[in-house]
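Visitor: Hi, I have a structure to look at and some quick things to ask. Can we go through it together?
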Amino acid sequence: MADLDDALLAAAAPSDLEAALVYLAGCCPPGALLCGRTLPVLTLAQVYAIVQNHTNVDREVEAQRACGSLLVLQLPAALRDEPLVIQSHEVEAAMRAEAATAPDSKEQRAMELAAKLVRRCAQPRIEEADIVAFLSVEGEPEPSSVLAVAAQSVADTLVRRGWLVPLRSMAVAGLGEAPAVEGTSWLWSLPRCGLLVKAVLEVRADVLRCLDRQRFGRAPRSVVERATAASTRKSQLTLDYVLRDMEGRALLKTDPAASAGASLQLSPAGVQAAAALKKKRKR
């Protein structure tokens, strides 16, 4: 009986990923709360900083994404190496709240559909065919050509409101291959999430430059706090939010047992990142 109780408790307990997401969401600073400061946005690297087994994290992230409970955002262009993770039910709630304040019935309907779609198509990239299939399941009794027009209308609304980003293929089609049609593929996004990621990059750069100026790339945390005070105040992010992301990327190490308080030190990867940053500034 005791063994059965233990098994039931183990099954009911949250996984390491779920526990990390709850903890990180509770620590989100104002600058990382989007959509009227109701939606906590996390980086995948922050999860890596808490759950040390990255293989298990990747496996569980993919499993939760596949079942629609977790949305992974892969931003385009220069921000593509900064994946974000958000729990789908929180995105759904934000979309429904936005639908309630939409200026007309068309946009309200698009946001209501998006709130359902985000759980069924939680992969970073979404195609027009995904939206068409979703609309047909929703019971829209229309020919496929009409559904395609409706899908494009929904996507246009989501792009305009910042929930989708058009995906433009830069690859040239090979022999016998048709080029991708512009406007039929998108990446999930969040309103103002690009500004959030750029703010994280700005504070990260300040941390790298500060530690790079120190002997052995090491300094007390208080020194780094002073060096990043302007950028954290401007972005309304906390230093902890950015440091946790950097730890997950293996850019620095924290020594809480240092004699003068917590100490931060660049890792070999951090030294390389600081050198690349310095080289970029010289151009």
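Visitor: Let's start with Cys67. Is it buried or exposed?
Guide: This is a predicted model. In it, Cys67 has 58% relative accessibility, so Cys67 counts as exposed.
Visitor: And Cys35, buried, exposed or partly exposed?
Guide: Cys35 counts as partly exposed, because its relative accessibility is 24%.
Visitor: How many disulfides does the structure hold?
Guide: The count is 0.
Visitor: New topic. What is the strand order in the open sheet?
Guide: The order is S3-S5-S4, 3 strands with antiparallel pairing.
Visitor: Which strands are at the edges?
Guide: Strand S3 (42-43) and strand S4 (70-73). Each pairs on one side only.
Visitor: How many bridges link S3 and S5?
Guide: There are 2 bridges between S3 and S5, which spans residues 84-87. Thr43 stands opposite Leu84 in S5.
Visitor: Now helices. At what angle do H5 and H6 cross?
Guide: Roughly 175°. H5 covers residues 88-100, H6 covers residues 105-120, and their axes come within 8 Å.
Visitor: What does that make them, parallel or antiparallel?
Guide: Roughly antiparallel. Angles over 145 degrees count that way.
Visitor: Which residues meet there?
Guide: In H5, they include Val91, Met95 and Ala99. In H6, Met111, Ala115 and Val118 are among them.
Visitor: How many are nonpolar, polar and charged?
Guide: The contact of H5 with H6 has 7 nonpolar, 3 polar and 6 charged residues.

Note on methods. Residues numbered from 1 in each chain as written. Predicted model: local features only at pLDDT ≥ 70, side-chain atom pairs only at ≥ 80, totals over all residues. Heavy atoms only, no water. Pairing = 2+ DSSP bridges. Helix = DSSP H or I, 4+ residues; strand = E, 2+ residues; numbered from the N terminus. Axes fitted to C-alpha atoms, helices over the stretch in contact; angles between N-to-C directions. Parallel < 35°, antiparallel > 145°, perpendicular 65-115°, else oblique. Contact = heavy atoms within 4.5 Å. Nonpolar A, V, L, I, M, F, W, Y, C, P; charged D, E, K, R; others polar. Disulfide = S-S within 2.5 Å. Buried < 20%, exposed > 50% of the residue type's maximum accessible area, 1.4 Å probe, protein only.
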